[in-house]
Amino acid sequence: MKATGFISLWTLVSLPCGPLANPAEREDVVKHAIKLHRGKGAVITQRKQWVLESCRKLSGLLRQKNVVLNKLKNAIRAVEKDAGLSDEEKLFQVHTFEIFQKELNESENSVFQAIHGLQRALQGDYKDVVNMKESSRQRLEALREAAIKEEMEYVELLAAEKHQVEALKNMQHQNKSLSMLDEILEDVRKAADRLEEEIEEHAFDDNKSVRGVNFEAVLRVEEDEANSKRNASKREVEDDLGLSMLIDSQNNQYILTKPRDSTIPRADHHFIKDIVTIGMLSLPCGWLCTTIGLPTMFGYIICGVLLGPSGLNSIKSIVQVETLGEFGVFFTLFLVGLEFSPERLRKVWKISLQGPCYMTVLMIAFGLLWGHLLQIRPTQSVFISTCLSLSSTPLVSRFLAGSVRGDKEGDIDYSSVLLGMLVMQDVQLGLFIAVMPTLIQAGVSTYSSVFKEILRILILIGQILFSLAAVFLLCLVIKTYLIGPYYRKLHTESKGNKEILILGITAFTFLMLTITELLDVSMELGCFLAGALISSQGHMVTEEIMCCIEPIRDFLAIIFFASIGLHVFPTFVIYELTVLLFLTLSVVIMKFVLAVLVLSLILPKTSQYIKWIVSAGLAQVSEFSFVLGSRARRAGIISREVYLLILSVTTLSLLLAPALWRAAIMKCVPRPERRSST
């Protein structure tokens with residue numbers, strides 16, 4: 001009993017809780033802990049003996065700690081008065097003593113904090129889950145703070161150890177004569193130390209007190225490099241930051257983005273392997289789809305499915321692959337704008353503006369109607385309807401690649417109308433992303449604040465419209481005064497060297513992307529406008545740039561479509577195939593019918609025949625619903641089940657899109673143009 005009580009007391013030392021103010025409070029806590037222990041049914045003599053022995057040992061340790069603290073204070077005063085030590089050496093020794101003082105004080109505090117935590121736990125209601133959860137949360141926060149303090153102390157000790165080693169080396173160098181090479185290396189060492197101090201960012205210390213920063217327990221998984229670890233010492237293993245992976249309690253995985261030592265080049269081998277694997281597997285998947293008559297993009301999606309979480313699960317850097325894939329969207333829309341001249345945009349701008357707006361309003365109206373019948377929250381109905389109203393610009397761009405673009409006299413080219421409407425939908429996407437925070441707040445607002453939420457949404461819409469006006473005004477200025485001289489300068493400098501031309505065009509695209517992003521408009525619109533501005537310089541310019549950019553676009557598009565496949569889950573689709581097919585066909589038919597209805601009202605009579613082709617191009621759901629769905633799920637607008645339904649319906653609609661497109665082409669396009677457009 002005595003040993004058990006002693007062990008239990010000192011086990012509490014490792015449980016840090018809230019700090020106690022003064023010794024009087026600590027004495028009260030000790031007395032109360034003794035009273036609590038007396039109620040455990042122990043034999044009276046054993047209980048008294050345990051209390052006396054434990055308190056005697058605790059009191060002896062505290063007296064010994066005070067004696068050591070006084071000795072440390074005397075040692076610090078002696079070091080400060082020692083004239084034989086340099087200022088740097090004095091600071092080092094004093095800092096070492098202070099570290100030891102801090103360790104003693106923290107150890108003492110942990111004893112009484114642990115007793116205080118036991119007292120608080122015994123006073124709680126064991127039947128109240130909420131109370132136990134709060135107590136667990138407080139203990140977890142205390143443990144995190146204690147871990148951070150211990151980590152900082154460990155880092156200080158490592159620095160002190162390093163300083164001792166350096167001091168020993170300096171003493172050895174002073175006792176022997178140095179060669180010229182040794183002197184050079186010593187100067188280089190000092191310069192390297194200064195460089196590390198200059199470039200080192202104290203990110204941990206700078207951010208630990210920032211509002212919103214949480215301390216969490218993570219697992220650190222080191223790379224399995226048996227050959228290097230076999231000969232590595234313990235010190236080398238500790239100092240090697242490598243590219244280890246961190247896993248938090250929510251199963252999120254993190255990799256190194258910036259090392260502490262920026263002088264050593266590092267590479268993310270997981271990301272390299274992921275890109276290599278996608279590139280190799282995309283070839284047979286693309287060939288297979290070409291053989292059976294499907295667009296190659298579906299082969300790339302299948303590649304992502306095979307390598308993703310629902311397949312072999314071999315992709316480790318999913319976020320990095322998706323990020324690189326976004327550049328495929330940027331360059332795809334740039335080439336779309338390159339083929340879509342401002343003159344053609346001016347011809348169909350009314351249709352491009354009115355069509356998507358009418359379709360979105362009708363989709364939201366139908367969504368609210370069905371949501372009312374099925375008792376779905378209005379915010380969720382609006383979100384789902386808006387997601388499903390968007391169509392895939394990259395997919396339709398691949399459909400239109402190489403198609404004949406000559407307009408018939410008096411008619412409107414279907415590709416111009418279709419691309420114009422898709423660009424307007426990209427603008428709507430930026431608007432919807434900007435309004436989403438307000439939509440999140442509206443989901444938790446009371447009816448008394450509905451008017452304020454509507455007013456806030458109207459203000460946001462006004463800001464977006466102002467941003468759009470600013471973007472198009474800037475485009476007018478660039479087209480009139482800047483783009484011509486800029487391209488001529490690039491063309492002159494790039495004779496015999498296409499690097500300058502590619503870099504210049506890419507930089508201009510990224511500039512437009514940055515401008516539209518800063519103005520809270522979609523980045524995709526900036527890429528499209530960059531291509532449209534360059535296309536205003538003539539057909540020869542367009543052809544030259546397209547030959548340079550198309551290979552880059554094709555490779556990045558492979559990564560983009562493969563990243564879509566990473567979020568396709570065949571098992572879920574198979575389990576709910578009947579429901580998903582019904583929902584997908586309902587969405588595709590509804591979008592097709594609404595598009596035909598809207599285009600019948602806004603198209604000229606001479607161009608009514610193109611409404612079938614344009615409606616077929618708009619009938620699928622945009623892959624950006626993946627992005628919107630993930631944001632909405634994190635924000636609590638939609639549930640996990642609704643999110644998976646949106647992903648599955650989007651994927652199935654994209655798979656149905658080629659069949660619907662070919663059917664529309666067979667019906668409405670003359671035979672010579674049909675060959676080139678399919």
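The following dialogue examines a predicted model of one protein chain.

Trainee: How many helices and how many strands are there in the chain?
Mentor: The secondary structure of this predicted model includes both kinds of element. The strands number three, and the count of helices is 27.

Trainee: Among contacts between residues at least 6 apart in sequence, what percentage join residues at least 24 apart?
Mentor: The contacts considered here are those in the chain between residues at least 6 apart in sequence. Of these, the share that joins residues at least 24 apart is 76%.

Trainee: Is S653 buried or exposed?
Mentor: S653 belongs to helix α26, which covers residues 640-668. Beyond its neighbours within four places in sequence, S653 has contacts with T584, V588, Q620 and V621. Buried means under 20% relative accessible area. Because the relative accessibility of S653 is 1%, this residue counts as buried.

Trainee: Which residues does G629 touch, not counting those up to four places away in sequence?
Mentor: G629 is located in helix α25, spanning residues 624-635. Its relative accessible area is 0%, so G629 is buried. With residues up to four places away in sequence set aside, G629 touches F383, I638 and Y643.

Trainee: How far apart in space are G629 and L647, C-alpha to C-alpha?
Mentor: In sequence, G629 and L647 are 18 residues apart. In space, their C-alpha to C-alpha distance is 7.9 Å.

Trainee: What percentage of the accessible surface of the chain belongs to carbon and sulfur atoms?
Mentor: The chain has 678 residues, of which 38% are buried. Its accessible surface comes to about 39,000 Å². The part belonging to carbon and sulfur atoms is 63%.

Methods
Residues are numbered from 1 along each chain as its sequence is written. This is a predicted model: local features need pLDDT of at least 70, side-chain atom pairs count only at pLDDT 80 or more; totals for chains, interfaces and linings use all residues. Side-chain values use heavy atoms; hydrogens and water are left out. Helices (H or I, at least four residues) and strands (E, at least two) are DSSP runs, numbered from the N terminus. Buried means under 20% relative accessible area, exposed over 50%, partly exposed in between (1.4 Å probe, protein chains only). Contact means heavy atoms within 4.5 Å. Accessible areas come from the Shrake-Rupley method with a 1.4 Å probe; for residues, only the protein chains shown count as cover.
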